Every structure is written in structure tokens, then in C-alpha cells.
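Trainee: I am new to this one. Can you walk me through the terms as we go?

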Amino acid sequence: MLDPKLAWAPFAPTPQNPWDRAKVGHLYRRAGFGATASELDAGVKDGHAKTLDRVLNGAPESEDFTRTSDFMASERSMPPGAPQGRLSAWWLDRMLKTRHPLREKLTLFWHNHFATSNAKVQNACFMLTQYRLIQSHALGSFRELLTKMGSDPAMLVWLDTNTSTKAAPNENYAREVMELFSLGVGNYTEADIRQAARAFTGYEIKDGKGTLNRRQHDTSEKEVFGKKGKFTGEDIAKLCLDHDACARFIVRKLYRFLISEADTPDAKLIDPLAEQYRKSDFDTGKFVATMLRSNLFFASSSYRAKIKSPVEFAIGTVRALEGVAGTLPLAEALEGLGQVLFAPPSVKGWDGGEAWLNAQTLLGRNNLALAITSTEDARFGSRCDPGQLAAKHDIATDAKLVDFLLGLFLQGDAPQGARTKLLDYLKTAKGVKYPAYWSDDDVANHRKRAVTHLVLTLPEYQLN
Amino acid sequence: MTTRRDFLRDSSLLGFGATVPAFLGRTAYSAPLAAKPGARDTVLVVVQLTGGNDGLNTVVPFTNADYYKLRPTIAVAKDQVKKLTDDVGLHPAMGALAKLYTDDSAVCVVQGVGYPNPSQSHFRSMDVWHAASTAETLTAGWLGTALKKQPVPGFHLASGNETSPLALAGAPVRVPSITSLDDFKLKMVSVTGADAAAQKNVITSSAPSTSETPALLDFVARTQMNTYASSEKLASIGKNYTPKVPYPTSALANKLKLAAQLIDAGIGTRLFYVSIDGFDTHAGQGGATGAHANLLTQVSEAISAFYRDMVGRGHGKRLCVMTFSEFGRRAYENGSKGTDHGASAPMFLVGGNVKSGVVGDHPSLKGLKEGNLVHGTDFRQVYAAVLDRWLDVDSKPIVGDGFKAVEVFAK
């Protein structure tokens, strides 16, 4: 059994357990969307303290990025009826270009936590308003986030709060705020839900903002978790935050997101962190830093102990190739892999873990990797060129190419057999009879693209 | 059309060589063929109505005054109901299913199905139905466990956003999820057959797992192997399937049409799992028409077309379609002209060998428990019937003791 104190203490490299390329890759995958070759090199060179600071603090976004992204999200370019694909593509673009990947990563975590889908909301402006709420608190206060979520326009539509009446309250939000957003099943009663539903009456959307209409609100006394009062929705959020189960519930979810899907942590491991989170009044940034700096985060039990989400798979691949990808086709491809941003399958969000992979989505991943690396796919091919990448990094021989690719995408975590097979392929592909009109460069590029695709189909690459 | 011989030729293990593990060889590839004498070749198609189907507006107690009192704006009027008995009838959107009931005697309606102390959480209750258990931690599904005893090939016919259901977890070989035959292919950029073969060899020959292999990596490797084998297998199935009857245009109908194609291809597939989402009708669900009615139309018309297509191809007696939802909805409507989470609801079984009729009583509207309908039949009694009588798997180790199978199949 792991000593909780030691587990959460900051990691410090030792000669037996040094700071290396694998740890840099691990940090960039979990705290962001994966590393480029130069980020991996810099991470090793700069050492663990500097690299952790860099990843945790991020850098300010460039003016150009902020202006363009904001403009694309303005009502003029993204009206309420904008198609789903444009919404997802907008966020994918941010993930690809941001200088603070950790913040976008945690925004994705909270999007999955407060899983709201435009399939029902049908209003891109509301979805973006919710994105801004989440993004501004992603590494901030969960108290604020949970409280404000109760009157967020997209959420009001998504869980029907905006049609709930004093005479006949709708229980949808009251249930999910306890079951999925703060406490988890087993920490409240059906009576708590019915009482809390009365507190969430009278909320409506005016001029794109959620407000409480006192005349439609049930102002009488309610009893929730054994406490009585004339509660409003905000009061219910407070009661949930004060509930014993709240911090633990969120900490467990973040553990699964940042550390491991492969095990269910013991209460002894979770409790000290939950206590810290509660005492900090739900300061998520501080809490995430503790997790990402910890011994446990860098322990072998956490290493590749997650399945990549489709977004991690796609963004990580494009980033590592130092390429450009049209995020509209990328968003479309991600649908086949089971992850549409701003449209999770249900209020529980994406299940994650092993649920990401099935026969269809696995083929989808292989085929997306192919599309990104091949010239034959008009959507991505010419702009994510492994040949150019290899040239940029002075890769001259087949053996160097294989080692470079395995180092870039897997930090060498592939069995020796895989390396041999990739080299064998490159050898075979030299002997193949190519069309007469192919130049030597065409052949060389084809081999580079093909072998890159093969690396991306290795089972290890599915792990985060 | 694909003949069985085509299939046997095309599904040979060439290309997978020695890497196909023994468990796969025993199951996906060695399924009893439909024509093999003595082989039981029943097919089960589970249709999941996700979100909590409003059972009270599905099988309507149209002579009950309380029903109309509880639902002032969303009740279905007596003269619109498709009568099943003197007291209950189907929602008017389910005309196609009603016709299968009256004209073809191919529908069994089990009323008031649920379980004790029902959870009103979508996710917990769905897990209970999938695992056929109310234990706190649920990791294996009722069908996955059945596949251990009776390892027949199956498919989860999925939508893009849908993950493999818990019901299928625990199977010795992962039941593949597929969305369409067209997309179910491993693609490669290759200029020649030799190049393609060389690439394919790298992709499909992952290193064998050892006891040292971490569980997640082993999971990925097994999923890959199973996927490449299935993809190879399905590549042989004819691209053009012409149904015997027209199917409506809906996602559910497309999935069932794909099931029909796979059943008719004669590759021994006997289990299908499909879902249709949207039944969480908290607001504006409508009555005889509207959102809920549209969902019921899709279910009724898709299942009806599927059944008639299968009858047309001689598979009618082999087929059993079973519907379920994680719970029914509150007996009384809420202020949003919808219904909140409730408890018991009806299940449908459709097929050439089901005992057509209405089983069990309609739940009492006088004896509500906290506004919810109390179940008369435990869902595990229906599962027991399906397992024992349809899949030929002993139900006791799966659903537990004390669940007497209900009579849903013809003698």
C-alpha cells in the first residue's frame, strides 16, 4: 500500500529515477495534448523544475491568436444556428495553437464534467458562453464554477431548468447537480432531489443571460440534506459544496483524468487531497499542480495508464508532426472516433478509458492517422508531411528515421520487435516496383509517410 | 449475394496467421452454421431505448380515469389508442407494431417490468439492467456472461458517439462495435499489393502479450487483433443488400437493416445490440403526437420492417427482438409538459416464436410509490426466459436465484 504522504509529495529526480524524455512526454500528454520533438528536447535539457513550471504556468496567448479566436467566436462569425462542426473545429483550433495547453486540457475536463450538448441546446452562442465560463474557471475556483453553472444559459436549456415551474418543478438539473456535478450516487436521497428541484424554479434566459425571476420562483421553505431554508439554486450549489462527499468526488474524477484509469485509488490516498482541495475552497489550479508535481504522477504505475481520447490522439499526432490541419475535417473525423466537442453523448459525458476503443473506433484511429500522414488524403495530407519533419531534424537513414519516430511518438516505448518490423517494412518498400513516373523523392516520401502511419498504429500509441 | 462458400473462403485466417489467439479461433470463427443439423440458431436482437422510455404513454391504460387526471396535457385520448386488450393499447405512433400484434401474432408485451428499490439515476439504473444485478460494483454484463457459456458471434451496431455497452462486457472475445460496413475497413496507402501486404503485416502482427504486459496495453492489443479479424471477415459480405420490404429512414432502421444483412449473410452471427437515444423526455414530450410519439414511431416502424424482412428471407422463426429502457417515467407530468424519472415500464419481444399477447398486469395508478409505477415483473424474469429458452444458456448463474422465467415464447 502506497504511503499517501509520499505519493503526493513533489517528485525529485534521483540517479535511480532520473528526469528523462519519457517523463517529459508523460507530462506533456497529461497536462496538454502531447509534445513536439523540440519540446521533448527542451524538457530534458531544462530539467524537471523548469519544465514543470513551464507546463503548469503556460504562457500568455499571442495577441494574434486571441484576436482571431475571439473573432471566430463572435456572434457575427458564429451565430446561434452555426453548425456543430464549426463549434468543434473552433475549439480544436485553440487546442492546436494555445500556449497554455493545461488550461485548455482542464477546460476539456470540465466540459466533460458538466457535459452539455449542442444537440439539444441548439445554440452556438450559448455553448460558447458556457465554454467561456468553464475556461475562465478551469484552473480557478470550482465553487464559482458550480454556482454559476446553475444559471448558465446552455445548462438551463440542456437540463430543462428554463421550463421548470413553481406549480410542477422539473427535477432534471436538481438530480444531475448532485449525481454528476458534485456528489455522486448514494450521497443524497430522492427527497433531496425533489426539494432541490423547487429551488431551481423560476430561472429563465434573458438577452442571452440566465436570471432568476422571483415571481416564478418557489420561495417557500425547502429541506435539503437535513437543512431547511428558502433556498435558491445558488444555495443548493453551496449546500452541495459543503457536503462531505463533494471534494472527494471531484478529486477522484481528476485522479482518473490526470493520473490513471487503470486503478481505483484507495480512500486513504484520496482523502488527504480532498481535504486540501476543500481547505483551499476548491482552488483547482493549486490542486492540479499538487497532482502533476507528485511522486505518484511520475510513478511507473501512472505511466501510460490511460487510453488516449480521440482529441488527444488527433491533436497529439498533428502537433508532433509540426503540421497544420484543417480543424473542420478534423472535427468531422473525430465524430467517427466517438468524440464531438460541445456534443457529448449524454449528461454523464464521455465514459473514457477502455470505452474509447472498439472495433470501429480503432479502425477509425488507424484511418485518421493514415489520412493525416498521407498525400492521398486531400483533407490533411500535404500539410502534415513526415518527410519534411525528418528533413528538418536531419534524419538521413532508415534506422535513424525509425528511432526518431519511435522517440517522438512513443519516447521509445515500443518493443524491440516493433522496431525490427518497421525496419523490415522500409527494406521491403525499397524493393517494391513503383510506377515509372515516380521520382526517387516520391518513393522516399512514400516510405516515410507509410512508416509514420505504421508507428501510429502500434498498440502503445493508443495509451496516454 | 455472398454464399456460405464465399464466406468460408474469404474468412480463412490467412493474413492473421499464427497471431490469431486460440480464444478467437474457438469463437468468432467456429460458430455453428445455421444449416448445421441440430445447431440451435436463434438470433437475439436487443434494442435499448436510452433515456427512460415513458411506459405509461407507450402501453396506455385508456379506460383508467386516473391516467387522464395525472396527465392533463400529455395523455393519449382513448379513441386514438391502438387497442391490445379491453383496457390497454399502444400509443397511436406504434401502428406498425400493433399490426404485427393483431395480424401476425408476433408481439409479446410484458407490462410493468422493473426491479425492487429502483434507482432513478439514468446511469446507475442502466448499469443494473445491463449487469442484471443490483450489486454496488458492476463490471460484467448479462450478455457478456452468457457469451462465456455460449460463445456465439455478435455485433454491437453503434452510432458514432456510442461506446460498447456494459451488457456485453465480460465476453471472452470483445463483441465488435461497428457503424457501417463501408467504414469497417483497414485502409492503407499502397501502390502495389506487395507494399500493402508488408504494411498490413506490421499492423496486424502485434507482439504477443505476456504476463508482464500491463492490462491496458493487453486490452489494446486484444482489441486490435479482434478488430482486424472481424474487418477481414466482413470484407466478404456483399455490398448490395436488397431488403424484402422497405425500411424507414432512421438511424435505428439502418442499424436493423445492417443486422438483417449480417443475419442473411449466414456467417453465424446470433447476437446484436442496438440503441436509440432521446427518451429522456423531461420537457415538451407531447401526447398522441410530438417528440415522444416520433421516437415510438421510429422504434415501431424499424422493428416491424426488420421483422418482415427477416420473415421474407426465412429467418422469422429464428428472430427475437427485445426492447428495454433503464426506467419508465413519473406517473404525473411536470410543469414543462414532460415527465421526470420514474420506475417500471413495459418491454416488447417481437419474433416468429414469441408468445403473442400481453403478459403481466398494467401497474396500478392507485398504488403509486412516490409518484412512480410499481413493477409487477422483475426484468430478470424476462432475461431468464431469453437466456434459458432462446439462447440456451442456464440463466441462474447470470441473473441469480428466484427469478422465474415469464412465458414469452411459444411452446
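Mentor: Start with chain B, which has twelve helices and twelve strands. This is a predicted model, where local features need pLDDT of at least 70, side-chain atom pairs count only at pLDDT 80 or more, and totals for chains, interfaces and linings use all residues. Residues are numbered from 1 along each chain as its sequence is written, chains are lettered from A and ligands numbered from 1 in the order in which they are written, and side-chain values use heavy atoms, with hydrogens and water left out.

Trainee: What makes a run of residues a helix or a strand?

Mentor: DSSP runs decide: H or I over at least four residues gives a helix, E over at least two gives a strand, and numbering goes from the N terminus. Helix α5 of chain B covers residues 122–131.

Trainee: Why is α5(B) called mostly covered?

Mentor: Nine of its ten residues are buried. Buried means under 20% relative accessible area, exposed over 50%, partly exposed in between (1.4 Å probe, protein chains only). Among the buried ones are F123(B), M126(B) and W129(B). After α5(B) comes A132(B), with a positive phi near 55°. Across chain B, buried residues make up 57% of the 411 residues.

Trainee: How do you know that C108(B) is buried or exposed?

Mentor: C108(B) has a relative accessible area of 0%, so it is buried. C246(A) also counts as buried, at 0% relative accessibility.

Trainee: What makes a space a cavity?

Mentor: On a 1 Å grid over the protein atoms alone, it is a set of points where a 1.4 Å probe fits but cannot get out; lining residues have an atom within 4 Å of a point. The whole structure has eight cavities of 30 Å³ or more.

Trainee: Which residues are closest to the centre of the second largest cavity?

Mentor: Of its 15 lining residues, they are R29(A), G34(A), A35(A), K308(A) and F409(A). The largest share of the lining, three residues, comes from α18(A).

Conventions: On a 1 Å grid over the protein atoms alone, a cavity is a set of points where a 1.4 Å probe fits but cannot get out, and a pocket is an open set with protein on both sides within 12 Å along at least five of seven lines; lining residues have an atom within 4 Å of a point. Grid points are joined across faces, edges and corners, and a volume is the space filled by probe spheres set on the points.
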